[in-house]
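Reader: Could you walk me through this one, a question at a time?

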Amino acid sequence: MKLEVTNMTCGHCKMTIEKALNQSGFDKVEIDLSKRIVEVDLKGRSEQEVIDVIEAKGYDVKL
Ligand SMILES: [Cu+2]
């Protein structure tokens, strides 16, 4: 799945989100910082889980 993280603005944001998703068991995390797009392999889990992980770090998600 792909989603937009509207307030992901720098390399630190990117790292924080990447790490949080990895720690929650999501891999194949691809982040395009210039477009503010996060792409994750859901592997059967729900989109809401991804959104929750990102929002818990203080970021805003737009589908
Ligand atoms: Cu940042």
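Here are some questions and answers on it.

Author: Quick note before we start: the model is predicted, so local features need pLDDT of at least 70 and side-chain atom pairs count only at pLDDT 80 or more, while totals for chains, interfaces and linings use all residues. Residues are numbered from 1 along each chain as its sequence is written.

Reader: Is Lys2 buried or exposed?

Author: Lys2 is found in strand S1 (residues 2–5); strands are DSSP runs of E, at least two residues, and helices are runs of H or I, at least four, numbered from the N terminus. Buried takes 20 or more other C-beta atoms within 10 Å of a residue's own, exposed 12 or fewer, partly exposed in between, with C-beta atoms placed from the backbone. Lys2 has 11 such neighbours, so it counts as exposed.

Reader: Which residues does Val38 touch, beyond those up to four places away in sequence?

Author: Contact is C-beta atoms, placed from the backbone, within 7 Å. By that rule, Val38 touches Leu3, Val5, Ile17 and Ile31.

Reader: What is the distance between the end C-alpha atoms of helix H1?

Author: Expected span is 1.5 Å times one less than the number of residues. With 13 residues (11–23), H1 should span 18 Å, and the end C-alpha distance agrees: 18 Å.

Definitions and conventions
Contact = placed C-beta atoms within 7 Å.
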